Amino acid sequence: MVIKNNGSTNLTSLSISYGITGSTLSVYNWTGVLKFGETATVELDSFAWMQGASTFTVNICSPNGGVDEYAQNNTRVTPFTYVPVMPSKFVIEFKTNNYPYQNSYTLADVAGNEIWARSNLTANTTYKDTLELSDGCYIFKLIDTGENGLTWWANTSQGSGSIRFRSATSPVVLKNFNSDFGGEVYMQFTVGLTSQVDDYIFTKVPFMNVYPNPAEDIVNIDFDLPSRESGSIEVRDMYGKHITTLPFEDKVAHHIVLNGSILRTGVYFITLRSGKYIVSKKLIFR
Ligand SMILES: [Ca+2]
(Lines give C-alpha, C1' and ligand atoms only; values in the text may rest on other atoms or scores of the structure.)
Protein backbone atom coordinates (compact mmCIF):
# COMPACT_ATOMS: atom_id res chain seq x y z
CA MET A 1 0.00 0.00 0.00
CA VAL A 2 1.03 3.63 -0.45
CA ILE A 3 0.69 6.22 2.33
CA LYS A 4 0.93 9.97 1.93
CA ASN A 5 1.47 12.67 4.54
CA ASN A 6 -1.00 15.53 3.96
CA GLY A 7 -0.12 17.16 7.26
CA SER A 8 2.43 19.89 7.94
CA THR A 9 4.17 17.86 10.66
CA ASN A 10 6.60 15.11 9.69
CA LEU A 11 4.93 11.69 9.91
CA THR A 12 7.10 9.23 11.84
CA SER A 13 4.74 6.42 12.82
CA LEU A 14 1.40 5.01 11.78
CA SER A 15 -0.76 2.08 12.80
CA ILE A 16 -2.12 0.18 9.77
CA SER A 17 -4.87 -2.42 10.14
CA TYR A 18 -5.59 -4.53 7.08
CA GLY A 19 -7.09 -7.75 5.82
CA ILE A 20 -10.15 -9.32 4.21
CA THR A 21 -13.16 -7.07 4.76
CA GLY A 22 -15.19 -8.44 7.66
CA SER A 23 -12.37 -10.54 9.12
CA THR A 24 -10.26 -9.73 12.17
CA LEU A 25 -7.78 -7.27 10.72
CA SER A 26 -4.02 -7.61 11.19
CA VAL A 27 -2.00 -4.64 12.43
CA TYR A 28 1.25 -3.34 10.99
CA ASN A 29 3.10 -0.54 12.81
CA TRP A 30 4.92 1.61 10.29
CA THR A 31 7.80 3.90 11.27
CA GLY A 32 9.86 6.25 9.12
CA VAL A 33 10.03 9.92 8.19
CA LEU A 34 7.56 11.44 5.72
CA LYS A 35 7.55 15.18 5.11
CA PHE A 36 4.47 17.09 3.91
CA GLY A 37 3.27 15.73 0.56
CA GLU A 38 5.67 12.78 0.53
CA THR A 39 4.59 9.18 -0.05
CA ALA A 40 5.95 5.81 1.07
CA THR A 41 5.20 2.29 -0.15
CA VAL A 42 4.54 -0.09 2.73
CA GLU A 43 4.79 -3.85 2.25
CA LEU A 44 2.31 -5.49 4.60
CA ASP A 45 2.83 -8.88 6.28
CA SER A 46 0.63 -11.92 5.75
CA PHE A 47 -2.89 -11.83 7.14
CA ALA A 48 -5.71 -14.15 8.16
CA TRP A 49 -7.72 -15.53 5.26
CA MET A 50 -11.51 -15.60 5.26
CA GLN A 51 -13.70 -17.44 2.76
CA GLY A 52 -16.43 -15.75 0.82
CA ALA A 53 -15.44 -12.10 0.92
CA SER A 54 -14.02 -10.42 -2.14
CA THR A 55 -12.72 -7.07 -0.91
CA PHE A 56 -9.58 -6.10 0.98
CA THR A 57 -9.70 -3.31 3.59
CA VAL A 58 -6.92 -1.06 4.89
CA ASN A 59 -7.40 1.44 7.78
CA ILE A 60 -4.76 3.78 9.12
CA CYS A 61 -4.80 5.44 12.55
CA SER A 62 -2.63 6.91 15.30
CA PRO A 63 -0.31 9.11 13.21
CA ASN A 64 2.74 9.87 15.42
CA GLY A 65 0.86 8.07 18.21
CA GLY A 66 -1.87 10.71 18.29
CA VAL A 67 -5.33 11.38 16.94
CA ASP A 68 -5.70 12.03 13.19
CA GLU A 69 -6.97 15.54 12.45
CA TYR A 70 -8.76 14.36 9.29
CA ALA A 71 -10.12 10.80 9.49
CA GLN A 72 -12.17 10.87 6.27
CA ASN A 73 -9.32 9.52 4.09
CA ASN A 74 -8.09 6.74 6.38
CA THR A 75 -9.86 3.75 4.81
CA ARG A 76 -9.53 2.13 1.42
CA VAL A 77 -11.41 -0.95 0.15
CA THR A 78 -10.20 -2.80 -2.94
CA PRO A 79 -11.98 -5.68 -4.74
CA PHE A 80 -9.95 -8.79 -5.55
CA THR A 81 -10.61 -12.04 -7.42
CA TYR A 82 -9.75 -15.52 -6.16
CA VAL A 83 -6.87 -17.32 -7.81
CA PRO A 84 -8.08 -20.54 -9.47
CA VAL A 85 -7.58 -23.78 -7.54
CA MET A 86 -6.03 -26.81 -9.24
CA PRO A 87 -5.88 -30.39 -7.94
CA SER A 88 -2.45 -31.35 -6.57
CA LYS A 89 -1.97 -33.85 -9.40
CA PHE A 90 -2.90 -33.03 -13.00
CA VAL A 91 -1.66 -33.45 -16.57
CA ILE A 92 -0.33 -30.72 -18.84
CA GLU A 93 -1.21 -31.75 -22.38
CA PHE A 94 0.55 -29.81 -25.09
CA LYS A 95 0.26 -30.49 -28.81
CA THR A 96 2.91 -28.76 -30.90
CA ASN A 97 2.31 -27.31 -34.36
CA ASN A 98 4.72 -27.09 -37.34
CA TYR A 99 6.88 -24.50 -35.52
CA PRO A 100 7.66 -26.11 -32.16
CA TYR A 101 10.91 -24.11 -31.78
CA GLN A 102 8.71 -21.08 -31.00
CA ASN A 103 7.36 -22.72 -27.86
CA SER A 104 8.50 -23.50 -24.35
CA TYR A 105 6.53 -23.78 -21.13
CA THR A 106 7.37 -23.56 -17.48
CA LEU A 107 5.95 -23.86 -14.02
CA ALA A 108 7.24 -21.52 -11.32
CA ASP A 109 6.62 -21.36 -7.59
CA VAL A 110 5.32 -18.32 -5.74
CA ALA A 111 8.81 -16.80 -5.59
CA GLY A 112 9.15 -17.07 -9.37
CA ASN A 113 11.63 -19.98 -9.21
CA GLU A 114 11.24 -22.33 -12.14
CA ILE A 115 10.38 -25.79 -10.81
CA TRP A 116 9.54 -27.53 -14.07
CA ALA A 117 10.03 -26.78 -17.78
CA ARG A 118 9.76 -28.17 -21.29
CA SER A 119 11.50 -26.92 -24.43
CA ASN A 120 13.30 -28.39 -27.51
CA LEU A 121 10.00 -29.76 -28.74
CA THR A 122 9.26 -31.91 -31.80
CA ALA A 123 6.68 -30.81 -34.40
CA ASN A 124 3.11 -32.14 -34.31
CA THR A 125 3.67 -34.14 -31.16
CA THR A 126 1.50 -34.39 -28.05
CA TYR A 127 3.35 -34.11 -24.74
CA LYS A 128 1.58 -35.29 -21.60
CA ASP A 129 3.28 -34.56 -18.30
CA THR A 130 1.76 -35.52 -14.96
CA LEU A 131 2.67 -33.00 -12.28
CA GLU A 132 2.27 -33.60 -8.57
CA LEU A 133 2.49 -30.37 -6.60
CA SER A 134 2.56 -29.61 -2.90
CA ASP A 135 0.20 -27.00 -1.46
CA GLY A 136 1.10 -23.50 -2.56
CA CYS A 137 0.87 -20.89 -5.31
CA TYR A 138 2.14 -21.47 -8.84
CA ILE A 139 2.55 -19.72 -12.18
CA PHE A 140 2.18 -21.55 -15.49
CA LYS A 141 3.65 -19.82 -18.52
CA LEU A 142 3.77 -20.81 -22.19
CA ILE A 143 5.82 -18.71 -24.58
CA ASP A 144 5.43 -18.35 -28.34
CA THR A 145 8.40 -16.43 -29.75
CA GLY A 146 6.56 -16.11 -33.10
CA GLU A 147 3.86 -14.17 -31.18
CA ASN A 148 1.20 -15.93 -33.24
CA GLY A 149 0.00 -18.56 -30.76
CA LEU A 150 -0.41 -22.23 -31.65
CA THR A 151 -3.00 -21.48 -34.29
CA TRP A 152 -3.85 -18.27 -36.15
CA TRP A 153 -6.00 -17.76 -39.21
CA ALA A 154 -3.43 -15.38 -40.77
CA ASN A 155 -0.57 -17.87 -40.50
CA THR A 156 -1.85 -21.26 -41.56
CA SER A 157 1.68 -22.49 -42.39
CA GLN A 158 2.39 -22.99 -38.68
CA GLY A 159 -0.44 -25.54 -38.50
CA SER A 160 -2.23 -25.78 -35.20
CA GLY A 161 -1.50 -26.96 -31.70
CA SER A 162 -3.23 -26.85 -28.35
CA ILE A 163 -2.58 -26.55 -24.64
CA ARG A 164 -4.85 -27.83 -21.87
CA PHE A 165 -4.86 -29.21 -18.35
CA ARG A 166 -6.42 -32.61 -17.79
CA SER A 167 -7.27 -34.61 -14.69
CA ALA A 168 -4.60 -37.15 -13.74
CA THR A 169 -7.22 -39.75 -12.79
CA SER A 170 -9.54 -39.57 -15.83
CA PRO A 171 -9.52 -38.09 -19.34
CA VAL A 172 -11.55 -35.12 -18.08
CA VAL A 173 -10.41 -31.73 -19.36
CA LEU A 174 -9.91 -29.27 -16.48
CA LYS A 175 -9.05 -26.23 -18.56
CA ASN A 176 -8.53 -25.37 -22.22
CA PHE A 177 -6.36 -22.42 -23.12
CA ASN A 178 -7.26 -20.50 -26.23
CA SER A 179 -4.61 -21.68 -28.72
CA ASP A 180 -4.86 -18.35 -30.59
CA PHE A 181 -3.08 -16.59 -27.69
CA GLY A 182 -0.43 -14.46 -29.37
CA GLY A 183 2.86 -14.41 -27.46
CA GLU A 184 2.10 -15.86 -24.06
CA VAL A 185 -0.22 -17.92 -21.90
CA TYR A 186 0.03 -16.92 -18.24
CA MET A 187 -1.94 -18.49 -15.42
CA GLN A 188 -1.59 -18.21 -11.66
CA PHE A 189 -3.19 -20.93 -9.55
CA THR A 190 -3.07 -22.47 -6.11
CA VAL A 191 -2.98 -26.07 -4.94
CA GLY A 192 -4.47 -27.13 -1.61
CA LEU A 193 -5.74 -23.66 -0.70
CA THR A 194 -9.37 -24.23 -1.56
CA SER A 195 -11.62 -21.25 -2.10
CA GLN A 196 -14.68 -23.54 -1.78
CA VAL A 197 -16.40 -21.33 -4.33
CA ASP A 198 -15.55 -22.34 -7.87
CA ASP A 199 -12.79 -24.90 -7.44
CA TYR A 200 -11.66 -26.32 -10.77
CA ILE A 201 -13.80 -23.83 -12.68
CA PHE A 202 -11.58 -21.35 -14.44
CA THR A 203 -13.77 -19.03 -16.43
CA LYS A 204 -16.48 -16.50 -15.61
CA VAL A 205 -17.74 -16.35 -19.20
CA PRO A 206 -18.38 -19.30 -21.53
CA PHE A 207 -15.86 -19.60 -24.34
CA MET A 208 -15.47 -21.89 -27.32
CA ASN A 209 -12.49 -22.20 -29.60
CA VAL A 210 -12.75 -23.80 -33.07
CA TYR A 211 -9.42 -24.52 -34.79
CA PRO A 212 -7.70 -24.63 -37.13
CA ASN A 213 -9.89 -22.12 -38.90
CA PRO A 214 -9.89 -22.43 -41.89
CA ALA A 215 -9.82 -26.22 -41.46
CA GLU A 216 -9.06 -28.87 -44.06
CA ASP A 217 -9.53 -32.23 -42.35
CA ILE A 218 -10.16 -32.40 -38.63
CA VAL A 219 -11.77 -29.61 -36.61
CA ASN A 220 -10.98 -29.17 -32.90
CA ILE A 221 -13.69 -27.74 -30.70
CA ASP A 222 -12.68 -26.68 -27.18
CA PHE A 223 -15.01 -25.08 -24.70
CA ASP A 224 -14.88 -23.91 -21.07
CA LEU A 225 -17.96 -22.98 -19.04
CA PRO A 226 -18.55 -21.10 -15.76
CA SER A 227 -20.62 -24.00 -14.38
CA ARG A 228 -21.01 -27.75 -14.89
CA GLU A 229 -23.39 -28.29 -17.82
CA SER A 230 -24.84 -30.82 -20.21
CA GLY A 231 -25.76 -29.81 -23.75
CA SER A 232 -24.61 -30.19 -27.31
CA ILE A 233 -22.51 -28.76 -30.11
CA GLU A 234 -24.54 -28.29 -33.24
CA VAL A 235 -23.00 -27.98 -36.71
CA ARG A 236 -25.02 -26.26 -39.43
CA ASP A 237 -24.04 -25.04 -42.87
CA MET A 238 -24.46 -21.42 -43.98
CA TYR A 239 -28.03 -22.11 -45.14
CA GLY A 240 -28.96 -23.42 -41.69
CA LYS A 241 -29.04 -27.06 -42.77
CA HIS A 242 -28.28 -29.37 -39.85
CA ILE A 243 -25.08 -31.39 -40.37
CA THR A 244 -24.49 -33.09 -37.02
CA THR A 245 -25.01 -32.73 -33.26
CA LEU A 246 -22.32 -33.69 -30.75
CA PRO A 247 -23.79 -34.06 -27.26
CA PHE A 248 -21.83 -33.58 -24.02
CA GLU A 249 -22.71 -34.37 -20.42
CA ASP A 250 -21.67 -32.88 -17.11
CA LYS A 251 -18.70 -30.78 -18.33
CA VAL A 252 -17.00 -27.57 -17.28
CA ALA A 253 -14.38 -27.98 -20.01
CA HIS A 254 -14.20 -30.27 -23.00
CA HIS A 255 -12.29 -31.04 -26.19
CA ILE A 256 -14.13 -32.55 -29.15
CA VAL A 257 -12.60 -33.57 -32.47
CA LEU A 258 -14.97 -33.25 -35.42
CA ASN A 259 -14.01 -35.40 -38.40
CA GLY A 260 -14.13 -33.16 -41.45
CA SER A 261 -15.10 -36.03 -43.78
CA ILE A 262 -18.75 -35.06 -43.18
CA LEU A 263 -18.08 -31.46 -44.32
CA ARG A 264 -17.71 -30.00 -47.77
CA THR A 265 -15.96 -26.78 -48.79
CA GLY A 266 -17.89 -23.86 -47.35
CA VAL A 267 -18.90 -21.89 -44.30
CA TYR A 268 -20.37 -23.54 -41.19
CA PHE A 269 -21.73 -22.39 -37.87
CA ILE A 270 -20.70 -24.31 -34.75
CA THR A 271 -23.10 -23.61 -31.87
CA LEU A 272 -22.79 -24.74 -28.27
CA ARG A 273 -26.09 -24.96 -26.43
CA SER A 274 -26.58 -25.87 -22.81
CA GLY A 275 -29.33 -24.98 -20.36
CA LYS A 276 -27.63 -21.67 -19.61
CA TYR A 277 -25.36 -20.80 -22.49
CA ILE A 278 -25.26 -20.36 -26.25
CA VAL A 279 -21.94 -19.71 -27.98
CA SER A 280 -21.57 -19.67 -31.76
CA LYS A 281 -18.51 -19.65 -34.01
CA LYS A 282 -18.09 -19.47 -37.75
CA LEU A 283 -15.92 -22.15 -39.37
CA ILE A 284 -14.46 -22.06 -42.86
CA PHE A 285 -13.82 -25.52 -44.32
CA ARG A 286 -11.86 -26.00 -47.54
CA1 LIG B 1 3.50 -19.87 -33.06
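## V210 and its contacts

Setting aside residues up to four places away in sequence, V210 touches V219, I221, I270, K281 and L283. The model is a predicted one.

V210 is also a member of the largest nonpolar core, which counts 27 residues. Within this core, V210, V219, I221, F223, I270 and L283 touch the most other members.

## Where the main core comes from

β17 gives the largest share, six residues. The core draws on two domains: at least three residues come from domain 2 (82–200), and at least three from domain 3 (203–286).

In soluble globular proteins, nonpolar side chains tend to be buried together.

## A separate core

Another core lies apart from the largest one. It has six residues, including Y105, L142, I163 and F177.

## The chain as a whole

The chain has 20 strands and zero helices. Its C-alpha trace spans about 80 × 45 × 35 Å along the principal axes. The radius of gyration is 25 Å, whereas a compact globule of 286 residues would have one near 19 Å.

Of the 286 residues, 24% count as buried.

Terms used
Residues numbered from 1 in each chain as written. Predicted model: local features only at pLDDT ≥ 70, side-chain atom pairs only at ≥ 80, totals over all residues. Core = buried A, V, L, I, M, F, W, Y, C linked by C-beta atoms within 7 Å. Buried ≥ 20, exposed ≤ 12 C-beta atoms within 10 Å, placed from the backbone. Helix = DSSP H or I, 4+ residues; strand = E, 2+ residues; numbered from the N terminus. Domains from an automatic or database assignment. Contact = placed C-beta atoms within 7 Å. Rg over C-alpha atoms; globule rule 2.2 N^0.38 Å.
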